[in-house]
Amino acid sequence: MCFISCNKLKTESISLNSPENTKIQNKKTNNNYTGLDSTTLGINFKANGNYNTIQSKINSDKSYFKALYATNKNKAIDSASKYLYHKLINDITPHWYGTTWDFNGHTNTPNEGLIACGYFVSTTLKHLGFNLNRYKMAQQAALNEAKALQPKQDLKIYSNLTFKSLKSELNQVYNDGIYLVGLDNHVGYLLIKDKELYFLHSSYCDNKVVIELAETSPCFRSNLYVFAEITTNDDLIKKWMFNETLVVPTS
């Protein structure tokens with residue numbers, strides 16, 4: 001079983017269906033959230049506020065959840081889960097929509113420079129307040145990126161499923177929330193909301209950061225899928241609260 005991140009070092013082998021070989025076959029779009037309605041979804045698509053201020057506020061807010069955890073662990077985890085969901089979807093990623101994709105992109109600033117798929121995930125997680133090495137995480141195969149967030153035995157891995165079957169499986173095991181998804185040669189976020197699947201990623205199909213229906217995304221096609229919980233992951237949320245280092249496996 002092998003998951004290849006779209007931004008692994010170019011000196012490493014790349015499969016024939018890597019983004020470098022498939023992107024020219026895929027249709028480009030000019031919309032960062034094609035066919036999606038912000039009001040209906042209850043998701044903000046527009047960048048608001050100063051990005052550095054958003055990051056600083058997130059880091060300062062950790063103290064509130066840490067203090068709450070000392071008196072009511074369940075309430076702290078539940079509140080922090082909702083907080084991380086809101087901050088990632090409505091505050092962090094709107095600044096990244098439209099940022100140009102590149103196989104070697106690793107910008108730390110939204111809409112300045114280029115961003116590869118793995119770096120989009122690792123960088124936004126770091127800006128969300130997770131204590132991780134964004135370079136080390138982004139340069140791993142998608143399976144290792146997932147294992148940095150959740151033990152391997154808790155990951156969900158599927159192969160050779162139709163989209164309908166995959167969607168049915170995911171809605172049986174997962175609730176609404178944000179998940180990391182690793183594919184044959186790509187990685188991004190999966191948003192599950194009201195049993196629908198949305199793919200948030202730095203797209204080699206559109207050459208930029210987008211959110212779209214997973215069902216119609218050419219970049220979501222894969223033989224293998226690995227999923228790790230983020231906003232529904234109690235252990236990971238606790239690590240965020242207490243600023244614990246996320247260990248990124250390399251094998």
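Mentor: Gladly! Let me begin with a term we will need: an axis here is a line fitted to C-alpha atoms, for helices over the stretch in contact, and angles between N-to-C directions run from 0 to 180 degrees. Please keep in mind that this is a predicted model.

Our part is helix α3, which covers residues 51-71. At 1.5 Å a residue, its 21 residues should span 30 Å, and the end C-alpha atoms lie 32 Å apart, which agrees. Look at the start of α3: there a side-chain oxygen of Asn50 comes to within 3.0 Å of the backbone nitrogen of Asn52.

Now find the buried residues of α3, which are Tyr51, Ile54, Gln55, Ile58, Asp61, Lys62, Phe65, Leu68 and Tyr69. They pack against three helices: α4 (73-96), α5 (117-127) and α9 (234-241).

Let us stay with α4. Two packed helices are described by the angle between their axes and the distance between the axes. For α3 and α4, the axes come within 9 Å and cross at roughly 175°. Angles over 145 degrees count as roughly antiparallel, so α3 is roughly antiparallel to α4. On the α3 side, the residues making this contact include Ile54, Ile58, Phe65 and Leu68, while α4 brings Ala76, Ile77, Tyr83 and Trp96, among others. Sorted by class, the contact between α3 and α4 has 12 nonpolar, 3 polar and 6 charged residues. Among the charged ones are Lys57 and Asp61 of α3, with Lys73 and Asp91 among those of α4.

Definitions and conventions: Residues numbered from 1 in each chain as written. Predicted model: local features only at pLDDT ≥ 70, side-chain atom pairs only at ≥ 80, totals over all residues. Heavy atoms only, no water. Helix = DSSP H or I, 4+ residues; strand = E, 2+ residues; numbered from the N terminus. Expected span 1.5 Å × (residues − 1). Buried < 20%, exposed > 50% of the residue type's maximum accessible area, 1.4 Å probe, protein only. Contact = heavy atoms within 4.5 Å. Polar contact = N/O pair within 3.5 Å; in protein donor to acceptor, adjacent residues only side chain to side chain. Parallel < 35°, antiparallel > 145°, perpendicular 65-115°, else oblique.
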